[in-house]
Structure formats: C-alpha cells, structure tokens
Amino acid sequence: MDVDVLIVGLGPAGATVLSKLAQIAGSEISILAIDHRQELGFPVQCGEFMPAPEEMATLMPDVPNAQAFFTFNKQFISTYTHSISFFSPERKVIRTPFQGYTLHRGNWNAHLIEVGKEYGAEVWTSACAVDMTNNMVTVVRENGRSIQITPQIIVGADGVSSRIAKWTGLANKRPDKHFVIVKQHLMTEIENEYDSTDVKMFFGEKYAPGAYAWIIPKSRNTANVGAGVRLPMLKNDMNVSKALSNLINIHPIASQILKNAHIGQTIAGIVPVGLPFQETVELKTKTLLVGDAACQVVSSVGGGIPPSMVAGSIAASSIIRFFREKVPLSDYQSKWQVQMLKMFKSAYKLRQFFDIISGGGDRRVQWYMNRLSSSDINSVVHCIVPWRVFLIAPFMRFLNLIVK
Ligand SMILES: Cc1cc2nc3c(=O)[nH]c(=O)nc-3n(C[C@H](O)[C@H](O)[C@H](O)COP(=O)(O)OP(=O)(O)OC[C@H]3O[C@@H](n4cnc5c(N)ncnc54)[C@H](O)[C@@H]3O)c2cc1C
C-alpha cells in the first residue's frame with residue numbers, strides 16, 4: 001500500500017503531526033496514522049501537568065507566538081494550579097509561584113486524532129509496526145493480517161522505546177541513568193487539608209531515588225500521585241512500587257494528605273531524561289523522529305507534552321514544505337533545535353547537578369535544599385540553574401566530600 005506519509009504512534013507527538021498536517025494539506029497529501037492501542041489516548045500514561053501559556057512563553061521563548069500556541073481549549077483542562085512545592089527528605093517545604101494546569105490529556109489526544117480524520121487522514125487503531133526494511137513498514141492489524149506500507153515519509157512518534165528509531169539507526173544505546181521508571185495512581189476521594197492549586201514534588205531515597213515523587217491535583221479531591229526511580233540509584237530491595245507505596249503510606253506529609261483516599265487506575269512507564277538524539281532525521285528512508293521517540297523531554301522534570309507539541313507542529317510544516325517546495329527534511333531538525341535545544345541543554349545541566357547532589361543520599365539533598373530559597377526553586381522550574389548553584393558549582397565536588 002502506498003501513502004505519502006505514515007505516522008507511527010498517536011500519543012501527543014504523533015497526534016500533533018497528524019492534526020496539523022491534515023489541516024494544512026487536506027487531500028493534497030495522503031496520510032495514514034497507526035497506533036497499536038485500541039482506544040486512542042487511553043489509558044493516560046502521564047501526570048498530565050502543563051505549564052500555563054505565560055510560563056511556556058518564558059520556558060520556550062523561541063517558539064513563535066508561544067502563548068497562543070500553548071493555549072488549550074478549556075474543555076481539556078481539568079484544574080488550574082498556581083504554585084509548585086518542593087519537599088526535602090526532612091520535610092523542609094519550598095514553595096514557588098508557577099501557573100499551570102492539569103489536562104484531560106486522553107480527551108485532548110483523542111480530539112487531535114479526530115481533527116486529523118475530519119480532514120481526510122486514515123487512522124488505524126490496534127495496528128502495530130513490526131518491521132521496517134528500507135522504507136517499507138510492515139504493520140500487523142487487529143485481525144492478525146499483515147500489511148506492507150510504502151510511504152514517502154515516515155514519522156516515528158512511537159514513544160520512548162521507539163522501534164522506528166532503532167530500525168533507522170537514529171537511536172543510540174543509552175545508559176540506564178538516562179531513564180526514569182515511573183508508576184502512578186489516580187487517587188480519588190482525597191478529603192484532608194489538600195491544596196488543589198499546588199503541585200507537590202517530593203525528594204528522598206525512600207520515595208524517589210534519583211528522581212522525584214509527585215502529587216499533581218486533578219480536582220478538589222482527585223490527583224495523579226506518582227513516583228520515579230532511576231535504576232543506578234536503587235539500593236537494597238527498593239523499586240518503583242515500593243517508592244510509591246512509601247510516599248502514600250509513610251511520607252510524613254503526603255501520607256496525611258492521602259490518608260483516606262482511594263486508588264483508582266494505576267499506570268507505569270519510562271521517561272527519557274537524557275538529551276534529545278543528535279540526529280532526528282534519516283534521509284535515506286525519509287524518516288523523522290518526534291517526541292519521546294527522539295528523547296525530546298525536559299530532563300530536569302520529565303516534561304514531554306510541550307516538546308511533543310512543538311516538535312510535532314514543526315514536523316508537520318517541514319513535511320508540507322518538502323512536498324510543496326522540495327525543502328529537505330533536515331529543515332525539521334534545524335527548526336526544533338532553534339526553538340528548543342537551548343532549553344533541553346539547560347534542563348540537562350540541572351539534571352546533572354541533581355545527580356551529583358542526590359548521589360550523596362538524603363543528607364546531601366537536605367543540606368543543599370536547606371540553602372535554597374523560593375526564588376532558586378523558581379529558577380529550577382523555569383529550567384534555569386539558580387545563581388547560588390552556579391556559584392558553588394566549581395566547589396561542588398569538594399563540598400560533597402564534606403557533606404556525605
Ligand atoms: C507516569 C508518567 C507521567 C508523566 N507526567 C508528565 C507530565 O505531567 N507532564 C508532561 O509534560 N509529561 C509527562 N510525562 C511525559 C509524557 O507523557 C511523554 O513525554 C509524552 O507522552 C510523549 O508523547 P509521545 O507522543 O512522544 O509518546 P507516547 O505518549 O508514548 O505515545 C507513543 C504512542 O506510540 C504507540 N506505539 C508505540 N510503538 C508502536 C508501534 N510499534 N506501532 C504502533 N504504535 C506504536 C503507543 O501505543 C503510543 O500511543 C509523563 C510520563 C509518564 C510515563
């Protein structure tokens with residue numbers, strides 16, 4: 001089967017490419033989009049947190065019209081938040097203003113796909129890409145039938161374990177430290193002193209070794225409650241399930257908030273926290289990697305929705321330019337780098353600082369957090385290394401010999 005564009009994977013990245021491309025190109029370009037999920041957008045494997053448009057304009061100043069670009073229709077917003085609090089292992093709380101919202105991510109994701117369909121794209125659910133030879137992709141559909149697709153352009157938006165990235169050779173093997181294993185419960189009937197306008201991030205070896213745990217409000221009495229762990233930082237019998245259970249049952253503050261809450265849906269996943277791949281375009285097979293498949297994630301916090309939207313939108317316009325003006329597909333890579341690479345690098349630097357600190361265990365994390373202020377944390381959540389950390393950076397290794 002011949003198509004102009006094959007999109008593999010319909011999470012935020014693939015669905016953004018699909019909706020933008022179909023809207024601009026209409027019937028000019030034939031699009032087939034596939035996902036091995038049965039119900040597109042669900043289950044939602046995400047904390048669903050998004051910085052508000054005004055914050056995004058600061059975080060990604062090189063995205064054209066960032067405020068408008070990141071504005072979601074109200075129907076996709078579950079709740080608004082106004083601050084983020086960091087909790088140190090020994091209960092120090094540092095709260096900083098930060099406007100954000102929690103999405104109804106599944107509905108938004110499904111809506112983008114519907115838009116793509118309305119504008120003429122073909123969408124297959126329960127369809128899995130199982131092989132790629134040159135530019136021929138083999139797809140197995142629900143009924144077990146295998147179909148060979150020969151697209152002019154392939155979009156690999158198939159997430160963190162992207163097969164398209166492997167088949168094209170664009171993925172380089174990365175060490176475990178570049179991934180966070182996460183588990184999350186949707187918790188309902190939260191009835192205690194719970195400020196649903198505040199996103200909470202918890203640090204400490206018992207709750208999130210090498211990463212953080214979170215309570216992201218979804219409404220007055222529901223929240224996404226999760227924990228992340230990095231494999232090289234796990235000691236003894238610690239694992240992600242235990243970390244999440246510790247957060248809910250023994251963390252002095254989180255356990256109080258969640259005391260009588262009920263556990264609804266549980267999900268698990270992997271978040272890439274390295275830098276994006278250096279090469280995200282393979283010219284021989286005309287393949288683009290978008291979203292988690294290209295590791296386009298803000299590595300200091302594990303935020304992948306905004307980069308997926310930006311990269312997906314750029315990919316769609318580069319594909320249009322390729323067909324209409326014969327502009328090479330490398331256009332995609334240079335554009336996303338102009339708009340996001342600086343932020344990715346800054347976030348990665350923060351993650352490296354955090355690794356040095358958390359590598360020394362709770363005492364060291366506590367020591368540093370005791371010296372951080374609300375404005376330092378504000379810099380961190382805006383992907384800026386706080387000046388205090390910047391100043392002590394040259395002495396960090398020496399300091400760490402003392403603060404063990
Ligand atoms: C628990 C958790 C919490 C998170 N919280 C947040 C948050 O609060 N805010 C934030 O910004 N980011 C968050 N993230 C990160 C964010 O969810 C991802 O960065 C984002 O989903 C990336 O979108 P994507 O489209 O690239 O990949 P995905 O959302 O992973 O979508 C990939 C799609 O490809 C499909 N697929 C895979 N392989 C194939 C194949 N061979 N054939 C066909 N289809 C295939 C999958 O079914 C899937 O639908 C979180 C991640 C996790 C796991």
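Mentor: Start with one term. A crossing counts as left-handed if the near helix is turned anticlockwise from the far one by less than a right angle, and as right-handed if it is turned clockwise. Keep in mind that this model is predicted.

Trainee: How do I read two packed helices? At what angle do H1 and H4 pack?

Mentor: Two packed helices are described by the angle between their axes and the distance between the axes. Helix H1 covers residues 12–25, and helix H4 covers residues 105–118. Their angle is about 30 degrees, and their axes are 8 Å apart. H1 is therefore roughly parallel to H4, as angles under 35 degrees count as roughly parallel.

Trainee: Is the crossing of H1 and H4 left-handed or right-handed?

Mentor: H1 crosses H4 in the left-handed sense. On the H1 side, the contact uses Pro-12, Ala-15, Thr-16, Leu-18, Ser-19, Ala-22 and Gln-23. On the H4 side, it uses Asn-109, Leu-112, Ile-113, Val-115 and Gly-116. Sorted by class, this H1 and H4 contact has 7 nonpolar, 5 polar and no charged residues.

Trainee: At what angle do H1 and H8 cross?

Mentor: Roughly 35 degrees, with the axes of H1 and H8 coming within 8 Å. H1 passes H8 in a right-handed crossing. H1 residues in this contact include Pro-12, Thr-16, Val-17 and Leu-21. Among those they meet in H8 are Ile-305, Ala-311, Gly-312 and Ile-319. The class count for H1 with H8 is 13 nonpolar, 4 polar and 1 charged.

Trainee: And H8 with H9? How close do their axes come?

Mentor: The axes of H8, residues 305–325, and H9 come within 9 Å. They cross at roughly 145 degrees. The crossing is right-handed. From H8, the contact takes Pro-307, Val-310, Ala-311, Ile-314, Ala-315, Ser-318 and Arg-321. From H9, it takes Asp-331, Tyr-332, Lys-335, Trp-336, Gln-339 and Met-340. Here the count for H8 with H9 is 8 nonpolar, 2 polar and 3 charged residues.

Trainee: Now the core. Which residues in the largest nonpolar core touch the most other members?

Mentor: In soluble globular proteins, nonpolar side chains tend to be buried together. The largest nonpolar core in this model has 121 residues. Leu-18, Ile-31, Val-155 and Val-290 touch the most other members. Helix H9, residues 330–358, gives the largest share of this core, with 10 residues.

Trainee: Take Val-155. Which residues is Val-155 in contact with?

Mentor: Set aside neighbours within four places in sequence. Val-155 is then in contact with Val-5, Ile-7, Val-8, Gly-14, Val-17, Leu-288, Val-290 and Ala-315.

Trainee: What about loops? Is Ser-161 buried or exposed?

Mentor: Count the C-beta atoms around a residue. Ser-161 has 12 others within 10 Å, so it is exposed. Ser-162 has 26 C-beta neighbours inside 10 Å, so Ser-162 counts as buried. Ser-161 sits in the loop between strand E9 (146–156) and helix H5 (163–167), and Ser-162 lies in the loop between E9 and H5 too.

Trainee: What does Ser-162 touch?

Mentor: Beyond residues up to four places away in sequence, Ser-162 touches Gly-156, Ala-171, Leu-289 and Ala-293. Also compare chain and space. Ser-162 and Val-8 are 154 residues apart along the chain, yet their C-alpha atoms are separated by 9.4 Å. For Ser-161 and Ala-294, 133 residues apart along the chain, the C-alpha separation is 9.9 Å.

Trainee: Where is Lys-286 found?

Mentor: Lys-286 is in the loop between strand E15 (281–282) and strand E16 (287–289). With 19 C-beta neighbours inside 10 Å, Lys-286 is partly exposed. Residues touched by Lys-286 include Asn-135, Gln-152 and Leu-329.

Trainee: Last, the backbone. Which peptide bond is cis?

Mentor: Most residues other than glycine have a negative phi, and most peptide bonds are trans. The bond from Phe-42 to Pro-43 is cis, with omega near -10 degrees. Pro-43 lies in the loop between strand E2 (31–34) and strand E3 (49–51).

Trainee: And phi? What is the phi of Asn-134?

Mentor: It is positive, about 50 degrees, although Asn-134 is not a glycine. Asn-134 lies in the loop between strand E7 (128–133) and strand E8 (136–140). Lys-326 also has a positive phi, near 60 degrees. Lys-326 is in the loop between H8 and H9. With 8 other C-beta atoms within 10 Å, Asn-134 is exposed. Lys-326 is exposed, with 7.

Notes: Residues are numbered from 1 along each chain as its sequence is written. This is a predicted model: local features need pLDDT of at least 70, side-chain atom pairs count only at pLDDT 80 or more; totals for chains, interfaces and linings use all residues. A nonpolar core is a set of buried Ala, Val, Leu, Ile, Met, Phe, Trp, Tyr and Cys residues joined through C-beta atoms within 7 Å. A residue is buried if 20 or more other C-beta atoms lie within 10 Å of its own, exposed if 12 or fewer, and partly exposed in between; C-beta atoms are placed from the backbone. Helices (H or I, at least four residues) and strands (E, at least two) are DSSP runs, numbered from the N terminus. Two residues are in contact if their C-beta atoms, placed from the backbone, lie within 7 Å. Axes are lines fitted to C-alpha atoms, for helices over the stretch in contact, and angles run from 0 to 180 degrees between N-to-C directions. Angles under 35 degrees count as roughly parallel, over 145 as roughly antiparallel, 65 to 115 as roughly perpendicular and the rest as oblique. Ala, Val, Leu, Ile, Met, Phe, Trp, Tyr, Cys and Pro count as nonpolar, Asp, Glu, Lys and Arg as charged, and the others, Gly among them, as polar.
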